[in-house]
Amino acid sequence: MAVALILLLVAIGSVLFHLYSPWWWTPIATDWSYIDHTINITFWITGFVFTAVIAFMAYCVFRFHHKEGRRADYNPENKRLEWWLSVGTGIGVAAMLAPGLVVWHQFVTVPADATEVEVMGQQWQWSFRLPGKDNRLGTSDVRNISPENPMGLNRDDPHGQDDVVIENGDLHLPIGKPVKVLLRSVDVLHDFYVPEFRAKMDMVPGMVTYFWIRPIRTGTFDVLCAELCGAAHYQMRTKVIVEEESDYHAWLGQQKTFAELSGRNAVVRATYQSGGK
Amino acid sequence: MSAVILFLGVIAVIAGWWLSQQRLTSKPWLEEGSIHDFPGTGAMTWPAAKVGLGVFLAVAGCLFTLFVSAYSMRMTMVDWRAMPVPKVLWFNTGVLVLSSVALHWAYIAARRGDMDGVIVGLLAGGTSAITFLAGQLLAWQQLGAAGYFVASNPANSFFYMITAVHGLHLTGGLVALGRTTAKVWRQDAMTAEMRLSVELCTIYWHFLLLVWLVLLGLLTGWTNDFVDICRQLLS
Amino acid sequence: MVDVPYDGIAGTVVPPAEVPDVELYHPKSWLTRYVFSQDAKIIAIQYSLTASAIGLVALVLSWLMRLQLGFPGTFSFIDANQYLQFITMHGMIMVIYLLTALFLGGFGNYLIPLMVGARDMVFPYVNMLSYWVYLLAVLVLASTFFVPGGPTGAGWTLYPPQAILSGTPGQDWGIVLMLASLILFIIGFTMGGLNYVVTVLQARTRGMTLMRLPLTVWGIFTATVMALLAFPALFVGSVMLLLDRLLGTSFFMPALVEMGQLSKYGGGSPLLFQHLFWFFGHPEVYIVALPAFGIVSDLISTHARKNIFGYRMMVWAIVAIGALSFVVWAHHMYVSGMYPYFGYFFATTTLIIAIPTAIKVYNWVLTLWRGDIHLTVPMLFALGFIITFVNGGLTGLFLGNVVVDVPLSDTMFVVAHFHMVMGVAPIMVVLGAIYHWYPKVTGRMLNAGLGKFHFWVTFLGAYLIFFPMHYLGLLGVPRRYFELGDAAFIPPSAHSLNAFITVVALTVGFAQMTFLFNLVWSLFEGEPSGGNPWRATSLEWQTPETPPGHGNWGKELPIVYRWAYDYSVPGAAQDFIPQNQPPATTGAVQGAAS
């Protein structure tokens, strides 16, 4: 009796905790609300199954616990019941999987008009690179890295000269524009993680990975590293600021390009101008 | 990982075939009574050591297939530089084939009860296996002398690692072979136990020969060409 | 080795089960009886004690981690490096050196020969070696606490490049010894695993068909087959990582900057390691889960005095889960940067695995329906298992569904999920199984009052630890963080929740002392149990002696006439019929005897 009651309370308590606890996901800042919806669908289906199974179990314990003279039924199997339960489970699983795959398709399909932004992780800081006027990021290689060239850009690539380089700073993004975030690491695995964005992806040395987002809310958001990257993993922080387009351009105008930073201004400007024509 | 998935697929087919003989759809609660009503569902009749060897070969096969999988994934990266195959490998392959043939000879002799034939087969098999191992070391030495070090390119790293793992398996086999030879040497007549030992050594040798041929195909790039041809045929 | 008359490949052989007097290894001294023993029952106890000892170390590590997480900045003796070392060693020990070793080396060794009616494992000498290699692996692992630089802090997944670079604690000795220990463990396990598989295949007693096996044997057998095929992937990964670390090869190591300097490495693929690791790592989850599934089925059936509902479905589900678990590994890698279109395939296979798993859950609770439920301590733990497993299994549907995994991966949600499903749930089964089989091993009952106290504190406590933890993850709290620090999205209440979890975790941890006390006290003072205190049907309860003697069965091997679940059969005098009891009709008895 007491056992059945406690088991039932565990189930009810879990549901109440889910409904009334103050801990829930952060307000979303991109239009990945589809992901939240999929999680909600999953919560509904799994919550139902959880409560049903535990309640049934508690009822059995209450109703059929040992008393003097009780004898269990002899019931090896019930094919029909088992098949019905399997089919029901299959439908439940499909109801979770189908929206999941549809949203995943959106997640991996980057809109053609997305602008590229590069995030580079290194132990234990973040750097960013935005394309310059030509709207293209130049090539890079970890072998080019030096104190003057911390992101390892290719000096011979004309597309790279006008790239805006932000070493160990904050990233600004304009609201409402799709952004393809290209991810790169120069040492170990990192993961560019902004809880409000929902999207995240590991950064793997030797590869460029990506995800895409469309910010829908202005504000300042914490960037954390979500893939263990060594002793100061927990301190690898920066901020992303989503702002109105005009503010964004004002900020962008103050940033330095690769050419300006690398101290080859004269030569590079000439290259850039000839490339611009 | 396609190689290892393929390998596990084969294992799954074998396991599925065996399970299909075991009356897994029967209703055991209705089948009270003696086993004689259900022939073929009792314990396996092969000796334990032979079943054990079979299971071990599946494990070792999985291990080598995983090396093959890792090899095929790593070789698509840009820094891969194929390595020349030392000529001595062809000689080694021939010796390993001879070793397998000698053991098979010993196995046939054991079935006939021909003690001398068994001894000759076992000794010939053992000697040629040792020659093979020495030849592999020679190949390492030649590669080292030519400047192909273990860390200078992933192709080299794989070559050294895979040959070492294969060599270690063969060395382990040599221990079993040595014990079997000693056993046969001390006895006058063939016993069932000795026949089994010779048989198990033979199976293991054939397995290692097969593994070596697959690895050789991989290291020389033939497997690659073969896969390419298959792909072209399919597309 | 069992000596069997044999004549060649195609020859007919008398199965060992029908050989009346099997030549056994006979211990001659105290040393060969209790230390270098080749008796599977002694080896099982050696495995269990060693696994529990190293498991206690991992438990203490978890307390230290919880102290840091619950009260950051309070304990000056824990720094960020040590924190990473604690999480790494805790995870690795719990998953491999405790759970795998305990379920397969401990329960497998003790129960398989007894349950299939064999005298011992088929290769007792190799079985003994298996334990000693395992012990060596444990010692090598434990030694990393004492080497310069301490144990590795790479996380239990040991991902390169980080695992072998200088930004990670334990980079010089810790990681090398960890990999060496894993390689040893795999070699030792393979020796044991061959035994478990071949014993089930080849040494079943007369009448013990596959469909008469208790589900415990099915679970352990399938898990062992999986482990034999999955551990080679970890072996290959470990060897290659070791070569990268020691010889400077670049299997997994791309060109990278190590502490501001361009390293000697170049061209390798960190994802290659992840594929190898998870090709082992996902089956590993089921290597722990399947024995638990099997054991809990038997606990429920025995203590509800009712046959397990849908035995055939249960067997098929075990086999199906075992096979499917080899094609889902990349669901651990949805955000690893692998080719994103793999996500469709792996999400689908992962969610399909939910169906056979759900069937098992339904059949457990349906076994309770119209049963005669004795709320013994093993039964309580079985009920606790069902709740925690259902909870952890359902959150697995979140993480397996690729796009839902994106926000939740690498957060405390994942930590809560896998602790619930492969930490708490299997431990519930381990504890329940110990209460269940302790009388067979020692001849005495464990104290039931202490046991009930132990159950409620452990079950409710563990649930209070891990259920709320999911919501920290939902909030966005990342895992493997030494401290959260300031982040706008983390409210102060989350820190209070962390402190609460720590307090509960310490309480649950200390409550285990009552269990240890019970184990020792009952050994001397426990109520004598007799041979079959739970009135169970399966063979291990029908041994002529308790604890079973060397060779298990006295002169004659038992003969099996029925499946393992003849509980409450209509018309039978008692509510159980042992597997080796001949049918009532005389004709069948004669048929068996002829």
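Chain C and chain A meet in a contact that takes 95 residues from chain C and 83 residues from chain A; two residues are in contact if their C-beta atoms, placed from the backbone, lie within 7 Å. On the side of chain C that touches chain A, the residues divide into 65 nonpolar, 20 polar and 10 charged. Here Ala, Val, Leu, Ile, Met, Phe, Trp, Tyr, Cys and Pro count as nonpolar, Asp, Glu, Lys and Arg as charged, and the others, Gly among them, as polar.

Keep in mind that this is a predicted model, in which local features need pLDDT of at least 70 and side-chain atom pairs count only at pLDDT 80 or more, while totals for chains, interfaces and linings use all residues. Residues are numbered from 1 along each chain as its sequence is written, and chains are lettered from A and ligands numbered from 1 in the order in which they are written.

How far does the predictor trust itself? The model scores ipTM 0.94 and pTM 0.93. For chain A the pLDDT, the predictor's confidence in each residue from 0 to 100, averages 89, and 95% of the residues score at least 70. Residues 273–277 of chain A fall below 50, and this stretch has one contact in the model beyond near neighbours in sequence. Chain C has a mean pLDDT of 90, with 94% of its residues at 70 or more. Over residues 1–21 of chain C the pLDDT stays under 50, and the model has 46 contacts beyond four places in sequence for them. Residues 586–594 of chain C are also below 50, with 12 contacts in the model beyond near neighbours in sequence.

Now let us look at chain A as a whole. Its secondary structure comes to seven helices and 10 strands, where helices (H or I, at least four residues) and strands (E, at least two) are DSSP runs numbered from the N terminus. The C-alpha atoms of chain A fill a box of roughly 100 × 40 × 35 Å along the principal axes. The radius of gyration of chain A is 27 Å, whereas a compact globule of 277 residues would have one near 19 Å; the radius is taken over C-alpha atoms, and the globule rule is 2.2 Å times the number of residues to the power 0.38. Of the 277 residues in chain A, 41% are buried. A residue is buried if 20 or more other C-beta atoms lie within 10 Å of its own, exposed if 12 or fewer, and partly exposed in between, with C-beta atoms placed from the backbone. Among contacts in chain A with a separation of 6 or more, 70% join residues 24 or more positions apart.

One feature to trace in chain A is an open sheet of five strands with mixed pairing, in the order β4-β10-β9-β6-β7; two strands pair if DSSP finds at least two bridges between them. Which strands stand at the edges? They are β4 (171–174) and β7 (200–203) of chain A, and each has a single partner strand, so one side of each is left without a neighbour in the sheet. From one strand to the next, the twist averages 25 degrees. Helix α5 (residues 245–254) of chain A packs on the sheet, where it touches β4 and β10 (238–243) of chain A, and its direction makes about 140 degrees with that of β4(A). Axes are lines fitted to C-alpha atoms, for helices over the stretch in contact, and angles run from 0 to 180 degrees between N-to-C directions. Elsewhere in the sheet, strand β6 (residues 190–193) of chain A and β7(A) pair in the antiparallel sense over four bridges. In β7(A), A:Met201 is the bridge partner of A:Phe192.

Some loops are worth a visit too. A:Glu68 sits in the loop between α2 (33–64) and α3 (79–108) of chain A, and A:Glu68 is exposed, with 4 other C-beta atoms within 10 Å. Its C-alpha atom is separated by 51 Å from that of A:His37, 31 residues apart along the chain.

Finally, the backbone. Most residues other than glycine have a negative phi, and most peptide bonds are trans. A:Asn168, in the loop between β3 (164–167) and β4 of chain A, has a positive phi near 55 degrees. Is A:Asn168 buried or exposed? A:Asn168 is exposed, with 11 other C-beta atoms within 10 Å. C:Arg305 has a phi near 55 degrees as well, but C:Arg305 counts as buried, with 23 C-beta neighbours inside 10 Å. A cis peptide bond joins C:Pro160 and C:Pro161, with omega about 0 degrees.
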